[in-house]
Amino acid sequence: MRVIPFMRYKWWFLLSLSAVTVFAIVFVFLVRLDLGIDFRGGVRMQIGLEQPATVDEVRSLVTGLGVQDPVVQSVVGASGANSFMITAEEMTADQQQQVESELNSRFTVKADSKSVEEVGASFGKETTNRAFLAVAIAVIAIIGYLTFRFEFKFAIPAIVALIHDVGLTLGIYAASNRLVTSATIAAILTILGYSVHDTIIVFDRMRENTHFMKKETYGDMADLSIAQTMVRSINTTVCLLLPLVAILVFGGPTLKDFAFALTIGVVTGTYSSFFVATPLAVVWKEREPRYRKRVVAAGSGGEIVLGSSVLGSDGENAAGKGAFGKTAGTPKPGAGQAVQPRVSRKTTKGKTSSKRPAAKGAKRTSR
Amino acid sequence: MSRIQRDAGILVLVAILLGIAAYFAFPLSKTNLGLDLQGGLAVILQAPEGTSTNDIDRAVTIIQNRVNKLGVAEPEIQTQGQDKISVQLPGIDNPEEALKIIGKTAVLEFHEVSDFGTPYKSEAEALAAANVDSEAALDALEGYHAVVHWGVDSGGASSDQWFLVTKAPELTGAMLKDAQTGFDQNNNPKVDMQFESEGATLFAEITGRLADTYKITGQYELLAIVLDGEVESAPRVLEQISGGNAEITGKFSLDDAKNLALVLQTGALPVELTSVSQNTVGAVLGKSALNQALMAGAIGLLLIMVFMVVYYRLLGLIASLALIIYTVLFLGILNGIGVTMTLPGIAGMILTLGMAVDANVLIFARMRDEVRSGKTVGAATSAGFRKAFRAVFDCNMTTIITAIILFWAASGGIKGFALTLGVGVALSMFTAVLVTRSILILLSGWRPFRNLRLLGLHVTREKSLPVNEGGRL
């Protein structure tokens, strides 16, 4: 297995991805998310027509009936090609009926193909508040859970990675001009719960590897953990992306936006585990005296143990699956293997307590 | 031996559960569909601030009565938060009409007919008598003013009369507790009504006065039941009625009686409800949304299974089997407890398909690690499951936690999403971990299950070199 020394470039990852995140969030504030009626209150009407009509025709018809600033979108799917979504902050019941009858006389409205959604402004405000509250509670709950199962110094990096995921999701969502609905909020919360999966997988391995690796720097240990878990993280992501793609292609208009948000969140959630959460945890952990000592001993880069073999070979293109299947480059003797025997030794005698193999640090020197 | 027995036991249990689940799950057509999937009306009504829970509960009962009159198959009426009522009427033909009936805040009043004064031939005349030209202007006048319409139906020829009433009603619908239809001794339909304590006192007072007048003059006095300015009925008062229970008898048809009871119930709506969110969905629209979602789900399931089988071969096949077991169990649970499926609910279910195999991916990857380090398939299987479980558990817990939070925060269809997501992930831990493991352990004696290449653990082959030669993990 090829171990790529990602952690050598941890600051590079952290800075560039924070820049991306900040940019995405600023972008969201500048462009303004298109909040749907779920949050601001208003009327959303979907209607299917027998005869073809253009968005402009429908919009001018609706405006002509005195509806202020209607947003008209053409929706493909739900009830054939000629479906339209008309959204307005205010559209009285009378106006709704007029719109329907006018559309009917010009384009013939399909039977039973109309749906109207009306949300009061105060109710929308409540939904908004609750959405913020729910996100806040979810963040706190995840911090709490990760602190309980791992430690606080893992929980915060995981959340920072989530901020990156959600920030990017919202940014791309805003850029693609999609309407934010309560389904989008559900997607954001799901991203919070799911994107942390890949982070947990790496952290779980780091938690385990700390027991075997008593000499290596924390960064090298993290690199090994990433190398060990990256393929499976990508695979779990693929497994979730497959149904999401199915929804994106075959689902109706409402589900598509939802799946779109989730897709971004799930993809960003995978790489942010390696390039945001892990580096941040490493930076923080290496400030601890015992790990600091190792960094000093290793000459700031951890050259002694894992790194050298990797640095020496073509670490650049080694990410992903290919690196695992084949032995690219020639591993240098002495490095790289130092860790592995102990890892495998541990796994063979799996039932012993985790303390024991760790105490056998001498094994390493004997090889 | 006992391990095999245990795993066989688990599988027998799963088979039984599967049978039960399949019984509840199929045919799928019996699933309760939310109105976003079969068309209908969803509305959230809000009561004014400071409304007591008691009044909200009464309002719910009243709305239930009204909805029952509409003949909706599976109405769902429940309180939401402290001051909201959510009404879901799937599959109704005319959502607009239904909304009018439900949301109508009727004003029910009891007037003594002797207070009505002069009859007018039209509403305009009655308004003119008060020197105004519209109802709005009438409402603006000081003191009680109301125009009451009475369509007296006397022997086929109906005559309409309007009255300008200036005396405030002594009794209002708010003092009425409930009303029902029943039958008197002669088996004629009648309407029973019950008053609240204050209402009972007032009612006794009024009926006492009217009965006294009748005794003195020999002339029946009428007490008009007025709903929204419309005289619905004006029964004669023969005697004082105390105790708060009254009955209205007369030449009713059963339908008349039912209508009158409904009017009385309507009037008893204790608070004014305003619609804060409503959603009507046409039947065709709902149907196509359902088909699209099911299509997406089926294709998603298929894609996942193909991926798993291609990547993990026999192990992937077992995972796919576990995924199908998961799907049937899940449908069984949903249909068994009668969950109403909404579009977001189906989306949640589709997502959990992907999350369910996540556990398998993690476990199989661990198994590869173990085989790579030189273990036999059997040893790698148990070690793989044991070591992967912690990560699987932690991953699923974060999703379950967010699902619970979402369930709390969301309203309407999104609640359905949170429900399927949370329940699905919890259930998937059972199928993806326990069921897969039992199957693998039981089959581990079978030859194909000792072949690394078939199993999908073949990556390990080149890795099974001594570690210090290959230098790979």
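In this predicted model, helix 6 of chain A, made of residues 152-175, packs against helix 9 of chain A, made of residues 253-285, at an angle of about 145°, and the axes of the two helices lie 7 Å apart. The crossing that helix 6 of chain A makes with helix 9 of chain A is right-handed. Sorted by class, the residues in the contact between these two helices of chain A comprise 16 nonpolar, seven polar and three charged ones.

Turning to the domains of chain A, the assignment gives domain 1, which covers 1-39 + 120-367, and domain 2, which covers 42-119. Where the two touch, domain 1 of chain A contributes seven residues and domain 2 of chain A contributes nine. On the side of domain 1 of chain A that touches domain 2 of chain A, helix 2 (37-40) and helix 5 (121-149) of chain A each supply at least two residues, and the residues of that side divide into three nonpolar, three polar and one charged.

The next step leads from chain A to chain B. The contact between them takes 72 residues from chain A and 66 residues from chain B. Several elements of chain B each supply at least two residues of the side that touches chain A, among them strand 16 (274-281), helix 9 (283-336), helix 10 (343-372) and helix 11 (377-409) of chain B. By class, that side of chain B has 42 nonpolar, 17 polar and seven charged residues.

Strand 16 of chain B also takes part in a pairing between the chains, for five bridges join it to strand 5 of chain A, residues 115-119, and the two strands run antiparallel. Within this pairing, Ser115(A) has Val281(B), in strand 16 of chain B, as its bridge partner.

Chain B also holds a sheet of its own. Three strands of chain B form this open sheet in the order 10-11-15, and their pairing is antiparallel. Strand 10 (176-183) and strand 15 (245-248) of chain B each have a single partner strand and stand at the edges, so one side of each is left without a neighbour in the sheet. From one strand to the next, the twist averages 25°. Looking at one pair in this sheet, strand 10 of chain B and strand 11 of chain B, residues 189-195, are joined in the antiparallel sense over seven bridges, and Gly182(B) stands opposite Lys190(B), which belongs to strand 11 of chain B. In general, the strands of a sheet pair through backbone hydrogen bonds, in either a parallel or an antiparallel way.

Definitions and conventions:
Residues numbered from 1 in each chain as written. Chains lettered and ligands numbered in written order. Predicted model: local features only at pLDDT ≥ 70, side-chain atom pairs only at ≥ 80, totals over all residues. Pairing = 2+ DSSP bridges. Helix = DSSP H or I, 4+ residues; strand = E, 2+ residues; numbered from the N terminus. Axes fitted to C-alpha atoms, helices over the stretch in contact; angles between N-to-C directions. Nonpolar A, V, L, I, M, F, W, Y, C, P; charged D, E, K, R; others polar. Domains from an automatic or database assignment. Left-handed = near helix turned anticlockwise from the far one by under 90°.
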